[in-house]
Amino acid sequence: MIQVEELEKLLRETESDRVERTVSTTNTDKFGEAICAFANDLSNARKPGYLIIGANDDGSLSNLKITDQLLQNLSAIRTDGHIVPPPSMNVQKRIFPDGEVAVVQVQPHSQPPVKYKNKIWVRVGPTKRVANEADEIILNEKRSSFSKTFDTLPCRESSLSDLLVSMFKLGYLELAITAEALQANHREEKEQMASLKFYDLKSDCPTNAGILMFGKNPEFFLPGAYVQYVRFKGTDVASEFDYEYKFTGDLFTQMKVMDEFIKSQIAKRVQKKLGDQYYYQFPPDAIKELLYNAIIHRSYQSNAPIKFYEFADRIEISNPGGLYGQSVANFPATNDYRNPSLAEAAKTAGFVNRFSLGIRRAITKLKNNGSKEPSFVKDNLNYFEVTIYRREV
(Lines give C-alpha, C1' and ligand atoms only; values in the text may rest on other atoms or scores of the structure.)
Protein backbone atom coordinates (compact mmCIF):
# COMPACT_ATOMS: atom_id res chain seq x y z
CA MET A 1 0.00 0.00 0.00
CA ILE A 2 1.34 3.43 -0.92
CA GLN A 3 2.05 5.83 1.93
CA VAL A 4 0.60 9.35 1.97
CA GLU A 5 4.05 10.96 1.75
CA GLU A 6 4.96 8.94 -1.35
CA LEU A 7 1.60 9.71 -2.97
CA GLU A 8 2.07 13.43 -2.37
CA LYS A 9 5.46 13.20 -4.06
CA LEU A 10 3.96 11.40 -7.08
CA LEU A 11 1.28 14.08 -7.38
CA ARG A 12 3.90 16.85 -7.43
CA GLU A 13 6.10 15.17 -10.05
CA THR A 14 5.43 15.11 -13.78
CA GLU A 15 3.93 11.96 -15.29
CA SER A 16 6.47 9.25 -16.02
CA ASP A 17 6.61 5.57 -16.94
CA ARG A 18 5.39 4.84 -13.40
CA VAL A 19 2.58 7.39 -12.99
CA GLU A 20 -0.61 8.24 -14.88
CA ARG A 21 -3.23 10.71 -13.66
CA THR A 22 -6.82 11.10 -14.79
CA VAL A 23 -10.02 12.81 -13.69
CA SER A 24 -12.27 10.30 -15.48
CA THR A 25 -14.23 7.78 -13.44
CA THR A 26 -15.87 5.92 -16.33
CA ASN A 27 -13.16 5.39 -18.96
CA THR A 28 -12.61 1.70 -18.29
CA ASP A 29 -10.48 1.25 -21.40
CA LYS A 30 -8.11 3.97 -20.25
CA PHE A 31 -7.81 2.30 -16.86
CA GLY A 32 -7.21 -1.14 -18.40
CA GLU A 33 -4.59 0.15 -20.82
CA ALA A 34 -2.72 1.95 -18.03
CA ILE A 35 -2.75 -1.10 -15.75
CA CYS A 36 -1.57 -3.30 -18.62
CA ALA A 37 1.29 -0.90 -19.43
CA PHE A 38 2.44 -0.73 -15.81
CA ALA A 39 2.36 -4.54 -15.53
CA ASN A 40 4.58 -4.86 -18.62
CA ASP A 41 7.21 -2.53 -17.08
CA LEU A 42 8.99 -2.03 -20.40
CA SER A 43 11.67 0.16 -18.79
CA ASN A 44 12.46 -2.67 -16.35
CA ALA A 45 12.22 -0.33 -13.37
CA ARG A 46 11.03 -3.29 -11.28
CA LYS A 47 8.90 -0.90 -9.25
CA PRO A 48 5.11 -0.54 -9.09
CA GLY A 49 3.22 1.82 -11.36
CA TYR A 50 0.38 4.07 -10.18
CA LEU A 51 -2.89 5.05 -11.82
CA ILE A 52 -4.22 8.03 -9.85
CA ILE A 53 -7.88 8.89 -10.40
CA GLY A 54 -9.04 12.31 -9.27
CA ALA A 55 -5.87 14.26 -10.17
CA ASN A 56 -5.30 16.76 -12.97
CA ASP A 57 -2.29 16.66 -15.29
CA ASP A 58 -0.50 19.23 -13.14
CA GLY A 59 -0.97 17.13 -10.00
CA SER A 60 -3.71 19.24 -8.45
CA LEU A 61 -6.79 17.41 -7.22
CA SER A 62 -10.06 17.68 -9.15
CA ASN A 63 -12.30 17.66 -6.05
CA LEU A 64 -13.62 14.24 -7.08
CA LYS A 65 -15.74 12.16 -4.71
CA ILE A 66 -14.42 8.57 -4.69
CA THR A 67 -17.32 6.15 -4.23
CA ASP A 68 -17.26 2.53 -3.11
CA GLN A 69 -18.68 1.58 -6.51
CA LEU A 70 -15.72 3.16 -8.29
CA LEU A 71 -13.28 1.25 -6.06
CA GLN A 72 -15.16 -1.99 -6.76
CA ASN A 73 -15.10 -1.32 -10.52
CA LEU A 74 -11.36 -0.69 -10.42
CA SER A 75 -10.72 -3.86 -8.42
CA ALA A 76 -12.81 -5.90 -10.86
CA ILE A 77 -10.47 -5.01 -13.74
CA ARG A 78 -8.02 -7.60 -12.44
CA THR A 79 -10.41 -10.52 -12.88
CA ASP A 80 -12.83 -9.47 -15.64
CA GLY A 81 -10.78 -11.37 -18.24
CA HIS A 82 -9.76 -8.39 -20.35
CA ILE A 83 -6.22 -8.23 -18.91
CA VAL A 84 -4.24 -11.43 -19.42
CA PRO A 85 -2.39 -12.69 -17.51
CA PRO A 86 -4.01 -11.03 -14.47
CA PRO A 87 -1.76 -8.43 -12.83
CA SER A 88 -0.94 -8.07 -9.15
CA MET A 89 -2.61 -4.84 -8.06
CA ASN A 90 -4.42 -3.18 -5.20
CA VAL A 91 -6.87 -0.30 -5.03
CA GLN A 92 -7.12 2.24 -2.25
CA LYS A 93 -8.75 5.55 -1.45
CA ARG A 94 -6.82 8.51 -0.09
CA ILE A 95 -8.42 11.67 1.36
CA PHE A 96 -6.71 15.06 1.25
CA PRO A 97 -7.96 18.46 2.45
CA ASP A 98 -8.63 19.54 -1.15
CA GLY A 99 -10.10 16.31 -2.50
CA GLU A 100 -10.05 12.53 -2.76
CA VAL A 101 -8.19 10.19 -5.07
CA ALA A 102 -8.35 6.51 -5.95
CA VAL A 103 -4.94 4.91 -6.39
CA VAL A 104 -4.36 1.70 -8.35
CA GLN A 105 -0.95 0.25 -7.55
CA VAL A 106 0.25 -2.24 -10.19
CA GLN A 107 3.24 -4.54 -9.73
CA PRO A 108 5.49 -5.48 -12.68
CA HIS A 109 4.41 -8.88 -14.02
CA SER A 110 6.89 -11.76 -14.06
CA GLN A 111 5.27 -13.25 -17.17
CA PRO A 112 5.04 -10.50 -19.81
CA PRO A 113 3.76 -9.58 -22.27
CA VAL A 114 0.51 -8.62 -20.57
CA LYS A 115 -2.40 -7.77 -22.89
CA TYR A 116 -5.54 -5.69 -22.54
CA LYS A 117 -8.27 -6.73 -24.98
CA ASN A 118 -5.66 -8.59 -27.05
CA LYS A 119 -3.32 -5.59 -27.32
CA ILE A 120 0.02 -5.23 -25.56
CA TRP A 121 0.28 -1.78 -23.96
CA VAL A 122 3.55 -0.29 -22.77
CA ARG A 123 4.64 2.99 -21.25
CA VAL A 124 7.53 5.00 -22.65
CA GLY A 125 8.19 7.96 -20.38
CA PRO A 126 4.91 9.84 -19.88
CA THR A 127 3.26 8.31 -22.97
CA LYS A 128 1.34 5.08 -23.42
CA ARG A 129 1.26 3.12 -26.68
CA VAL A 130 0.62 -0.27 -28.24
CA ALA A 131 3.85 -2.29 -28.21
CA ASN A 132 5.76 -2.58 -31.48
CA GLU A 133 7.81 -5.59 -32.52
CA ALA A 134 10.96 -4.36 -30.77
CA ASP A 135 8.99 -3.83 -27.53
CA GLU A 136 7.60 -7.37 -27.71
CA ILE A 137 11.08 -8.82 -28.12
CA ILE A 138 12.18 -7.03 -24.94
CA LEU A 139 9.14 -8.31 -23.04
CA ASN A 140 9.68 -11.89 -24.26
CA GLU A 141 13.30 -11.75 -23.14
CA LYS A 142 12.21 -10.48 -19.74
CA ARG A 143 9.85 -13.41 -19.38
CA SER A 144 12.60 -15.90 -20.24
CA SER A 145 14.87 -14.30 -17.65
CA PHE A 146 12.32 -14.12 -14.84
CA SER A 147 10.34 -17.27 -15.64
CA LYS A 148 9.64 -19.27 -12.51
CA THR A 149 6.43 -21.15 -13.26
CA PHE A 150 6.64 -24.56 -14.87
CA ASP A 151 4.33 -23.79 -17.78
CA THR A 152 6.55 -20.97 -19.07
CA LEU A 153 9.79 -22.94 -18.87
CA PRO A 154 11.20 -24.37 -22.11
CA CYS A 155 10.25 -27.99 -22.79
CA ARG A 156 13.71 -29.37 -23.38
CA GLU A 157 14.26 -31.79 -26.27
CA SER A 158 11.06 -30.64 -27.99
CA SER A 159 10.98 -28.64 -31.21
CA LEU A 160 8.56 -26.73 -33.39
CA SER A 161 7.76 -29.98 -35.23
CA ASP A 162 6.20 -31.33 -32.00
CA LEU A 163 3.45 -28.68 -32.18
CA LEU A 164 0.27 -28.54 -34.21
CA VAL A 165 1.27 -25.22 -35.74
CA SER A 166 -1.70 -25.14 -38.12
CA MET A 167 -4.10 -25.44 -35.17
CA PHE A 168 -2.34 -22.56 -33.43
CA LYS A 169 -2.47 -20.37 -36.53
CA LEU A 170 -6.00 -21.22 -37.69
CA GLY A 171 -7.75 -21.82 -34.38
CA TYR A 172 -6.05 -19.78 -31.68
CA LEU A 173 -4.13 -16.88 -33.16
CA GLU A 174 -7.18 -14.90 -34.26
CA LEU A 175 -8.61 -15.24 -30.74
CA ALA A 176 -5.45 -13.89 -29.13
CA ILE A 177 -4.45 -11.10 -31.52
CA THR A 178 -6.53 -8.26 -32.93
CA ALA A 179 -7.38 -8.28 -36.63
CA GLU A 180 -5.32 -5.13 -37.21
CA ALA A 181 -2.26 -6.68 -35.57
CA LEU A 182 -2.65 -9.87 -37.61
CA GLN A 183 -2.78 -7.92 -40.86
CA ALA A 184 0.43 -6.12 -39.95
CA ASN A 185 2.09 -9.23 -38.56
CA HIS A 186 4.83 -10.63 -40.79
CA ARG A 187 6.74 -12.53 -38.12
CA GLU A 188 7.68 -16.17 -38.40
CA GLU A 189 5.81 -18.84 -36.48
CA LYS A 190 8.31 -19.13 -33.64
CA GLU A 191 8.09 -15.41 -32.93
CA GLN A 192 4.29 -15.46 -33.04
CA MET A 193 4.20 -18.34 -30.57
CA ALA A 194 6.82 -16.73 -28.33
CA SER A 195 4.73 -13.56 -28.05
CA LEU A 196 1.92 -15.73 -26.61
CA LYS A 197 4.25 -17.73 -24.31
CA PHE A 198 4.13 -20.98 -26.24
CA TYR A 199 7.74 -20.83 -27.48
CA ASP A 200 11.06 -19.93 -25.88
CA LEU A 201 13.28 -18.17 -28.41
CA LYS A 202 16.37 -18.29 -26.21
CA SER A 203 16.21 -22.09 -25.93
CA ASP A 204 14.67 -22.49 -29.42
CA CYS A 205 11.98 -24.88 -28.28
CA PRO A 206 8.32 -24.81 -27.19
CA THR A 207 7.42 -23.98 -23.61
CA ASN A 208 5.55 -26.50 -21.49
CA ALA A 209 2.39 -24.42 -22.07
CA GLY A 210 2.94 -24.73 -25.81
CA ILE A 211 3.28 -28.51 -25.59
CA LEU A 212 0.17 -28.76 -23.41
CA MET A 213 -2.02 -26.53 -25.57
CA PHE A 214 -0.85 -27.54 -29.06
CA GLY A 215 1.43 -30.56 -28.69
CA LYS A 216 0.99 -33.51 -31.02
CA ASN A 217 1.71 -35.84 -28.11
CA PRO A 218 1.97 -33.96 -24.77
CA GLU A 219 2.31 -37.21 -22.81
CA PHE A 220 5.65 -37.93 -24.49
CA PHE A 221 7.14 -34.95 -22.67
CA LEU A 222 4.74 -34.70 -19.70
CA PRO A 223 3.61 -38.26 -18.84
CA GLY A 224 0.79 -37.17 -16.50
CA ALA A 225 -0.81 -34.76 -18.95
CA TYR A 226 -4.17 -36.50 -19.34
CA VAL A 227 -7.53 -36.91 -17.60
CA GLN A 228 -8.71 -40.39 -16.59
CA TYR A 229 -12.51 -40.72 -16.45
CA VAL A 230 -14.08 -43.80 -14.85
CA ARG A 231 -17.78 -44.44 -14.17
CA PHE A 232 -18.26 -46.85 -11.26
CA LYS A 233 -21.48 -48.73 -10.61
CA GLY A 234 -21.16 -48.44 -6.85
CA THR A 235 -19.99 -45.88 -4.33
CA ASP A 236 -16.28 -46.70 -4.11
CA VAL A 237 -13.37 -47.65 -6.36
CA ALA A 238 -13.70 -51.30 -5.33
CA SER A 239 -17.03 -51.54 -7.13
CA GLU A 240 -17.33 -52.61 -10.75
CA PHE A 241 -17.18 -49.96 -13.44
CA ASP A 242 -19.10 -49.82 -16.71
CA TYR A 243 -17.16 -47.18 -18.66
CA GLU A 244 -13.79 -45.49 -18.77
CA TYR A 245 -12.22 -42.94 -21.07
CA LYS A 246 -8.85 -41.25 -21.34
CA PHE A 247 -8.78 -37.61 -22.41
CA THR A 248 -5.37 -37.15 -23.98
CA GLY A 249 -3.74 -34.93 -26.58
CA ASP A 250 -3.61 -31.16 -26.98
CA LEU A 251 -5.75 -29.19 -24.54
CA PHE A 252 -7.07 -26.90 -27.27
CA THR A 253 -8.97 -29.92 -28.61
CA GLN A 254 -9.49 -31.93 -25.44
CA MET A 255 -11.18 -29.18 -23.44
CA LYS A 256 -13.81 -28.92 -26.19
CA VAL A 257 -14.21 -32.71 -26.14
CA MET A 258 -14.64 -32.65 -22.34
CA ASP A 259 -17.37 -30.03 -22.61
CA GLU A 260 -19.38 -32.17 -25.04
CA PHE A 261 -18.69 -35.34 -23.02
CA ILE A 262 -20.01 -33.77 -19.81
CA LYS A 263 -23.19 -32.58 -21.54
CA SER A 264 -23.90 -35.86 -23.33
CA GLN A 265 -22.62 -38.54 -20.94
CA ILE A 266 -22.83 -37.16 -17.39
CA ALA A 267 -25.34 -34.34 -16.97
CA LYS A 268 -28.84 -35.81 -16.87
CA ARG A 269 -31.95 -33.64 -16.79
CA VAL A 270 -34.74 -35.02 -14.64
CA GLN A 271 -38.06 -33.87 -13.21
CA LYS A 272 -40.07 -35.23 -10.30
CA LYS A 273 -43.28 -35.39 -12.28
CA LEU A 274 -44.69 -34.17 -15.56
CA GLY A 275 -45.00 -30.38 -15.60
CA ASP A 276 -42.36 -29.79 -12.93
CA GLN A 277 -39.23 -27.82 -13.67
CA TYR A 278 -36.23 -29.79 -14.84
CA TYR A 279 -33.07 -30.00 -12.77
CA TYR A 280 -29.77 -31.78 -13.23
CA GLN A 281 -28.46 -34.71 -11.25
CA PHE A 282 -25.06 -33.13 -11.95
CA PRO A 283 -25.25 -29.60 -13.43
CA PRO A 284 -22.91 -29.58 -16.46
CA ASP A 285 -21.56 -26.05 -16.05
CA ALA A 286 -20.49 -26.75 -12.47
CA ILE A 287 -18.69 -29.96 -13.50
CA LYS A 288 -16.97 -28.14 -16.37
CA GLU A 289 -15.80 -25.28 -14.14
CA LEU A 290 -14.30 -27.69 -11.62
CA LEU A 291 -12.69 -29.96 -14.22
CA TYR A 292 -11.14 -27.02 -16.08
CA ASN A 293 -9.95 -25.67 -12.74
CA ALA A 294 -8.11 -28.95 -12.16
CA ILE A 295 -6.52 -28.79 -15.62
CA ILE A 296 -5.32 -25.21 -15.17
CA HIS A 297 -4.06 -25.52 -11.59
CA ARG A 298 -2.62 -29.04 -11.45
CA SER A 299 1.08 -29.79 -11.16
CA TYR A 300 2.33 -31.06 -14.51
CA GLN A 301 5.61 -32.14 -12.93
CA SER A 302 3.73 -35.11 -11.51
CA ASN A 303 3.35 -38.26 -13.62
CA ALA A 304 -0.13 -38.85 -12.17
CA PRO A 305 -3.21 -37.89 -14.22
CA ILE A 306 -6.27 -35.93 -13.17
CA LYS A 307 -8.80 -38.41 -11.79
CA PHE A 308 -12.35 -37.74 -12.94
CA TYR A 309 -14.41 -40.44 -11.18
CA GLU A 310 -18.19 -40.79 -11.30
CA PHE A 311 -19.81 -42.91 -8.61
CA ALA A 312 -23.44 -43.80 -8.02
CA ASP A 313 -23.86 -40.89 -5.61
CA ARG A 314 -21.14 -38.37 -6.48
CA ILE A 315 -18.34 -37.20 -8.76
CA GLU A 316 -14.78 -36.78 -7.53
CA ILE A 317 -12.21 -34.68 -9.39
CA SER A 318 -8.68 -34.97 -8.05
CA ASN A 319 -5.57 -33.32 -9.45
CA PRO A 320 -1.86 -33.61 -8.53
CA GLY A 321 -0.56 -30.61 -6.63
CA GLY A 322 -2.26 -28.98 -3.65
CA LEU A 323 -3.41 -25.39 -3.40
CA TYR A 324 -0.84 -22.92 -4.63
CA GLY A 325 0.47 -19.58 -3.38
CA GLN A 326 -2.09 -17.22 -1.85
CA SER A 327 -4.87 -19.79 -2.35
CA VAL A 328 -3.54 -21.82 0.59
CA ALA A 329 -4.52 -19.23 3.17
CA ASN A 330 -7.74 -17.92 1.65
CA PHE A 331 -9.47 -20.55 -0.50
CA PRO A 332 -11.70 -19.99 -2.45
CA ALA A 333 -11.84 -16.20 -2.01
CA THR A 334 -8.29 -15.75 -3.30
CA ASN A 335 -6.85 -17.66 -6.23
CA ASP A 336 -3.26 -17.99 -7.32
CA TYR A 337 -1.84 -19.51 -10.49
CA ARG A 338 0.59 -22.39 -10.61
CA ASN A 339 0.31 -22.21 -14.42
CA PRO A 340 -0.45 -18.56 -15.34
CA SER A 341 0.26 -18.96 -19.07
CA LEU A 342 -2.02 -21.99 -19.26
CA ALA A 343 -4.75 -20.03 -17.45
CA GLU A 344 -4.27 -17.18 -19.91
CA ALA A 345 -4.57 -19.56 -22.87
CA ALA A 346 -7.74 -21.14 -21.45
CA LYS A 347 -9.29 -17.69 -21.02
CA THR A 348 -8.28 -16.58 -24.53
CA ALA A 349 -9.71 -19.76 -26.07
CA GLY A 350 -13.00 -19.22 -24.25
CA PHE A 351 -12.84 -22.22 -21.92
CA VAL A 352 -13.10 -19.98 -18.84
CA ASN A 353 -14.92 -16.65 -18.64
CA ARG A 354 -13.09 -14.81 -15.90
CA PHE A 355 -10.08 -15.25 -13.67
CA SER A 356 -10.15 -16.43 -10.04
CA LEU A 357 -13.89 -17.19 -10.02
CA GLY A 358 -14.14 -20.80 -11.24
CA ILE A 359 -14.70 -22.44 -7.85
CA ARG A 360 -17.17 -19.81 -6.70
CA ARG A 361 -19.07 -19.96 -9.99
CA ALA A 362 -19.34 -23.74 -9.65
CA ILE A 363 -20.64 -23.46 -6.08
CA THR A 364 -23.27 -20.96 -7.23
CA LYS A 365 -24.38 -23.20 -10.12
CA LEU A 366 -24.75 -26.17 -7.77
CA LYS A 367 -26.78 -24.08 -5.34
CA ASN A 368 -29.05 -22.83 -8.14
CA ASN A 369 -29.62 -26.44 -9.18
CA GLY A 370 -30.68 -27.37 -5.64
CA SER A 371 -27.61 -29.57 -5.19
CA LYS A 372 -25.69 -30.09 -2.00
CA GLU A 373 -22.65 -27.85 -1.56
CA PRO A 374 -19.45 -29.52 -2.79
CA SER A 375 -16.73 -30.63 -0.39
CA PHE A 376 -13.01 -30.07 -0.83
CA VAL A 377 -9.78 -31.72 0.23
CA LYS A 378 -7.64 -28.60 0.38
CA ASP A 379 -5.05 -29.20 3.10
CA ASN A 380 -3.01 -31.86 1.31
CA LEU A 381 0.26 -30.72 -0.26
CA ASN A 382 0.22 -33.46 -2.89
CA TYR A 383 -3.28 -33.20 -4.35
CA PHE A 384 -6.49 -31.18 -4.44
CA GLU A 385 -9.90 -32.84 -4.62
CA VAL A 386 -13.50 -31.72 -4.99
CA THR A 387 -16.59 -33.88 -4.52
CA ILE A 388 -19.85 -33.02 -6.30
CA TYR A 389 -22.92 -34.76 -4.91
CA ARG A 390 -25.74 -36.14 -7.06
CA ARG A 391 -29.00 -34.34 -6.51
CA GLU A 392 -31.62 -36.79 -5.42
CA VAL A 393 -35.27 -36.69 -6.58
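How many residues lie between β7 and β8 in the hairpin that they form? The first point below takes this up, after a word on the model.

This is a predicted model, in which local features need pLDDT of at least 70 and side-chain atom pairs count only at pLDDT 80 or more, whereas totals for chains, interfaces and linings use all residues. Residues are numbered from 1 along each chain as its sequence is written, and side-chain values use heavy atoms, with hydrogens and water left out.

1. The hairpin of β7 and β8 has two residues between its strands, and Gly-125 in the turn has a positive phi of about 60°. Helices (H or I, at least four residues) and strands (E, at least two) are DSSP runs, numbered from the N terminus. Strand β7 (residues 119-124) and strand β8 (residues 127-130) run antiparallel and are joined by four bridges; two strands count as paired if DSSP finds at least two bridges between them. Val-122 stands opposite Arg-129 in β8, and Arg-123 has Lys-128 of β8 as its bridge partner.

2. One joins Val-84 and Pro-85, with omega about -10°, and Pro-85 is found in the loop between β3 and β4 (89-96). Another runs from Pro-112 to Pro-113, with omega near 5°, and Pro-113 has its place in the loop between β5 (99-106) and β6 (115-116).

3. Most residues other than glycine have a negative phi. Glu-157, in the loop between α4 (133-146) and α5, has a positive phi near 75°, and counts as exposed at 80% relative accessibility.

4. The axes of helix α5 (residues 165-176) and helix α12 (residues 340-348) come within 9 Å and cross at roughly 95°, which makes α5 roughly perpendicular to α12. The axes are lines fitted to C-alpha atoms, for helices over the stretch in contact, and angles run from 0 to 180 degrees between N-to-C directions; under 35 degrees counts as roughly parallel, over 145 as roughly antiparallel, 65 to 115 as roughly perpendicular and the rest as oblique. Tyr-172, Leu-175 and Ala-176 in α5 meet Glu-344, Ala-345 and Thr-348 in α12, where contact means heavy atoms within 4.5 Å.

5. Why do the buried residues of α13 lie on the same side of the helix? In α13 (residues 358-368), the buried residues are Gly-358, Ile-359, Ala-362 and Leu-366; they cover an arc of only 100° around the axis, so they fall on the same side, the arc being that of the directions from the helix axis to the C-beta atoms. These buried residues pack against α11 (284-297), β17 (375-377) and β18 (383-389), whereas Lys-367 and Asn-368, on the other side of α13, are exposed. Just after the helix, Gly-370 takes a positive phi of about 85°.

Methods
Buried < 20%, exposed > 50% of the residue type's maximum accessible area, 1.4 Å probe, protein only.
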